[in-house]
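Reader: I have this one open for the first time. Can you walk me through it?

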Amino acid sequence: MYASSINDRYTDEIVERLRRGETIIYPTDSLYAVGCDALNNRAVERVCRLKDINPAKQRLAIVCSDISQASEYARIDNEAFRIMRANLPGPFTFILPASTRLSKAFKGRREVGVRVPDNEIARHIASELGNPLLTTSVEWPDADAEDLAQPEAIRLHYEDTVDAIIDGGEGDGVPSAIIDLTDSSSPEILREGPLPLAD
């Protein structure tokens, strides 16, 4: 599937799989990502096990269709909104105070990473699902940037561990920037990404 020609039949199938609690790999504007319905607790737990993530200790991130959808699951004040509007959609993960609407795996976590990627496939899936996807970048030992950008290499590594893989063409192989906006008056860049933060 390509961002320039979204296949609605494929999208409907992916959304149905997500609603059943299945896991997928899908393209973003940075790395390919492992994802699931962020409101399905069992699916979130499955992705966390797959990636060896401890949700009690590590931040979880979501992909949203737009800032409006993000505002239902994270608290976005005026300054954070201004920064996000200037940079999204784009290869940025913004750390924000979490709302209480996410799955139980997020409970007790005061923060959530929010992405609105510059990739029509990812945003369209979140829009059609009606809520965010949990998202975590593909990775495996010994993988280099070229491997992480190639759908075929990703398929060979993950085909036995996820339920569906969307081939959206060659990716970037570069992770998103991470910007801490929990204190939006003083944004902190935790990781540089492929683009500078616009202000």
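**A first walk through the model**

Author: Helices (H or I, at least four residues) and strands (E, at least two) are DSSP runs, numbered from the N terminus. This is a predicted model, in which local features need pLDDT of at least 70 and side-chain atom pairs count only at pLDDT 80 or more, while totals for chains, interfaces and linings use all residues. Residues are numbered from 1 along each chain as its sequence is written, and side-chain values use heavy atoms, with hydrogens and water left out.

Reader: What is the phi of D52?

Author: Positive, about 55°, although D52 is not a glycine.

Reader: And is D52 buried or exposed?

Author: Exposed, with a relative accessible area of 68%. Buried means under 20% relative accessible area, exposed over 50%, and partly exposed in between (1.4 Å probe, protein chains only). D142 has a positive phi too, about 75°, and is not a glycine. D142 is found in the loop between β6 and α6 and is exposed, with a relative accessible area of 79%.

Reader: OK, the sheet. In what order do the strands come?

Author: The nine strands of this open sheet run β7-β1-β2-β6-β3-β5-β4-β8-β9, with mixed pairing. Two strands pair if DSSP finds at least two bridges between them. β7 (164-165) and β9 (188-191) are at the edges with a single partner strand each, so one side of each has no neighbour in the sheet.

Reader: How many bridges join β4 and β5?

Author: Five, in the antiparallel sense, between β4 (residues 92-97) and β5 (residues 111-115). T93, for one, has R115 as its bridge partner in β5.

Reader: Which strands does α2 lie across?

Author: Helix α2 (residues 41-50) lies across β2 (33-37) and β6 (133-137), at about 160° to β2. Axes are lines fitted to C-alpha atoms, for helices over the stretch in contact (heavy atoms within 4.5 Å). Angles run from 0 to 180 degrees between N-to-C directions.

Reader: Now the inside. How many residues are in the largest nonpolar core?

Author: 42, and I62, F94 and V114 have the most contacts inside it. A nonpolar core is a set of buried Ala, Val, Leu, Ile, Met, Phe, Trp, Tyr and Cys residues joined through side-chain atoms within 4.5 Å. α2 gives the most to this core, with four residues. There is also a second, separate core of 16 residues, which includes V15, A33, I121 and A126.

Reader: Back to F94. What does F94 touch?

Author: Leaving out residues up to four places away in sequence, its contacts include I83, M84, L88, V114 and I179.

Reader: How many aromatic pairs are there?

Author: Two. Rings of Phe, Tyr and Trp (its six-membered ring) pair if their centres lie within 6.5 Å; planes under 30 degrees apart count as stacked, over 60 as edge-to-face and the rest as tilted. F92 and F94 have ring centres 5.9 Å apart and planes at 20°, so that pair is stacked. The rings of W140 and Y158 have centres 6.1 Å apart and planes at 80°, so this pair is edge-to-face.

Reader: Where are W140 and Y158 in the chain?

Author: W140 is in the loop between β6 and α6 (145-149) and Y158 is in helix α7 (residues 151-158), 18 residues apart. W140 and Y158 are buried.

Reader: Last one: which peptide bond is cis?

Author: The bond from L88 to P89 is cis, with omega near 0°. P89 is in the loop between α4 and β4.
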